[in-house]
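Visitor: I am new to this structure. Please take one part and look at it closely with me.

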Amino acid sequence: MGRISWILLVSCTMLGAGGGFFFKRASDPSTHTYRTLVIGLTCYGSAALINIYVLTLLPYSVVFPLTAITYVWTLLLSYYFLKEHIHLRQIFGVGLLVAGAACLVI
């Protein structure tokens with residue numbers, strides 16, 4: 001994979017996780033604002049557009065499974081910014097996803 005493909009793919013996964021994070025924030029009545037909703041939509045939309053472009057550079061059978069990296073960012077965002085308790089089972093599950101994604105690129 002070319003370097004630009006990697007950068008775009010990682011950006012796509014980060015934006016996807018960011019979209020979910022802002023949707024979660026927008027769903028909280030104490031922080032509910034249209035601004036957070038728009039930020040979430042922008043993140044998700046940007047991730048989708050980047051994903052479409054990356055699919056022109058790499059095979060679908062590689063790109064789609066590697067989007068599972070989104071779960072790494074989601075776990076980190078939920079722990080650090082939403083103060084959610086992360087269980088060992090969740091860490092193990094995300095670790096398995098990362099291991100599977102690594103098998104595709106090695």
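Guide: What follows is a close look at the packing of the helices, with a few residues picked out.

This is a predicted model, in which local features need pLDDT of at least 70, side-chain atom pairs count only at pLDDT 80 or more, and totals for chains, interfaces and linings use all residues. Residues are numbered from 1 along each chain as its sequence is written, and side-chain values use heavy atoms, leaving out hydrogens and water.

Some terms come up at once. Helices are DSSP runs of H or I with at least four residues, and they are numbered from the N terminus. An axis is a line fitted to C-alpha atoms over the stretch in contact, and angles between N-to-C directions run from 0 to 180 degrees.

Start with helix 1 and helix 2. Helix 1 covers residues 3-27 and helix 2 covers residues 34-57. Their axes come within 7 Å and cross at roughly 155°. Helix 1 is therefore roughly antiparallel to helix 2. (Angles over 145 degrees count as roughly antiparallel, under 35 as roughly parallel, 65 to 115 as roughly perpendicular, and the rest as oblique.) The crossing is left-handed. (The near helix is then turned anticlockwise from the far one by less than a right angle; clockwise would be right-handed.) The contact residues of this pair divide into 17 nonpolar, nine polar and one charged. (Ala, Val, Leu, Ile, Met, Phe, Trp, Tyr, Cys and Pro count as nonpolar, Asp, Glu, Lys and Arg as charged, and the others, Gly among them, as polar.)

Now take T36, which lies in helix 2. T36 counts as buried, at 14% relative accessibility. (Buried means under 20% relative accessible area, exposed over 50%, and partly exposed in between, with a 1.4 Å probe and protein chains only.) Neighbours within four places in sequence aside, T36 is in contact with F22, R25, A26 and T31. (Contact means heavy atoms within 4.5 Å.)

Helix 1 also meets helix 4, residues 70-80. These axes come within 8 Å and cross at roughly 40°. That angle makes helix 1 oblique to helix 4. The crossing is right-handed. On the helix 1 side stand V10, T13, M14, G16, A17, G18 and F21. They meet T70, W73, T74 and L77 of helix 4. By class, this contact has six nonpolar, five polar and no charged residues.

T70 deserves a stop. T70 is found in helix 4, and it counts as buried at 19% relative accessibility. Leaving aside neighbours within four places in sequence, T70 touches T13, G16 and A17.

Helix 4 has another partner, helix 5, residues 88-105. The two pack at an angle of about 155°, with their axes 9 Å apart. So helix 4 is roughly antiparallel to helix 5. Their crossing is left-handed. Helix 4 brings Y71, V72 and L75 to the contact, and helix 5 brings Q90, I91, V94, L97 and V98. These residues divide into seven nonpolar, one polar and no charged.

Last, the aromatic rings. The structure holds five aromatic pairs. (Rings of Phe, Tyr and Trp, the last by its six-membered ring, pair if their centres lie within 6.5 Å; planes under 30 degrees apart count as stacked, over 60 as edge-to-face and the rest as tilted.) Y79 and Y80 form an edge-to-face pair, 4.9 Å centre to centre with 85° between the planes. Y79 is partly exposed, with a relative accessible area of 43%. F21, F22 and F81 form one aromatic cluster.
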